[in-house]
Amino acid sequence: MSQGLPLQLQEKLSRLQQLQQTLESLYIQKEQAKLEARELESALQELSSIDDNTPVYRITGRILVKKNRTELINDLNEQMELVKVRISAIERQENKIKERANELESELKNALAESRGSPPA
């Protein structure tokens with residue numbers, strides 16, 4: 001931290017940096033969830049293009065297990081809904097953190113401007 005900053009400003013700056021790191025982490029989580037959603041969508045499209053009598057398999061650990069096509073489609077749809085809920089939750093978190101980070105950034109700018117004797121930006 002800068003030695004010339006008052007302790008309160010240093011704490012706010014530290015908090016802002018933590019929020020930015022949290023945002024980066026949430027972005028990565030959201031991208032991973034979006035990737036999972038795309039993979040599920042691709043699997044569902046593939047399953048919809050095959051005949052009901054075509055055997056389908058699901059990877060379970062290191063083995064392939066034969067599954068009923070309809071059951072597999074239902075399982076994948078459930079997973080897709082969970083992924084969508086997870087993405088929505090991440091986006092809500094992101095918005096709250098962005099809002100708080102913007103507030104902190106504004107507070108820091110105003111405090112720095114006041115300490116320098118110039119009007120806030």
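In strand β2, Ile59 has Leu64 as its bridge partner. The model is a predicted one, in which local features need pLDDT of at least 70 and side-chain atom pairs count only at pLDDT 80 or more, while totals for chains, interfaces and linings use all residues. Residues are numbered from 1 along each chain as its sequence is written, and side-chain values use heavy atoms, with hydrogens and water left out.

Strand β1 covers residues 56-60 and strand β2 residues 63-67; the two run antiparallel and are joined by five bridges. Strands here are DSSP runs of E of at least two residues, helices are runs of H or I of at least four, and both are numbered from the N terminus. Two strands pair if DSSP finds at least two bridges between them.

How many of the five residues of β2 are buried? The number is zero, so β2 lies largely in the open. Buried means under 20% relative accessible area, exposed means over 50%, and partly exposed is in between, with a 1.4 Å probe and protein chains only.

On the other strand, Tyr57 lies in β1 and is partly exposed, at a relative accessible area of 46%. Leaving aside residues up to four places away in sequence, Tyr57 touches Leu64, Val65, Lys66, Lys67 and Leu72. Contact here means heavy atoms within 4.5 Å. Tyr57 and Arg69 are twelve residues apart along the chain, and their C-alpha atoms are separated by 8.5 Å.

I turn now to the helices. Two packed helices are described by the angle between their axes and the distance between the axes. Helix α1 spans residues 7-48 and helix α2 residues 69-116; their axes come within 8 Å and cross at roughly 160°. That angle makes α1 roughly antiparallel to α2, the cut-offs being under 35 degrees for roughly parallel, over 145 for roughly antiparallel, 65 to 115 for roughly perpendicular, and oblique for the rest. By class, the contact of α1 with α2 has 26 nonpolar, six polar and 14 charged residues.

Which residues does Met80 touch, not counting those up to four places away in sequence? They are Ala37, Leu40, Glu41 and Leu44. Met80 is found in α2 and is buried, with a relative accessible area of 6%. Between Met80 and Glu41 there are 39 residues of sequence separation, yet the C-alpha to C-alpha distance is 7.8 Å.

Glu94 is also placed in α2. Is this residue buried or exposed? Glu94 is buried, with a relative accessible area of 6%. With residues up to four places away in sequence again not counted, Glu94 touches Leu23, Leu26, Tyr27 and Lys30.

Finally, Lys109 is found in α2 and is partly exposed, with a relative accessible area of 47%. The C-alpha atoms of Lys109 and Ser88, 21 residues apart along the chain, are separated by 31 Å.

Note on methods:
Axes fitted to C-alpha atoms, helices over the stretch in contact; angles between N-to-C directions. Nonpolar A, V, L, I, M, F, W, Y, C, P; charged D, E, K, R; others polar.
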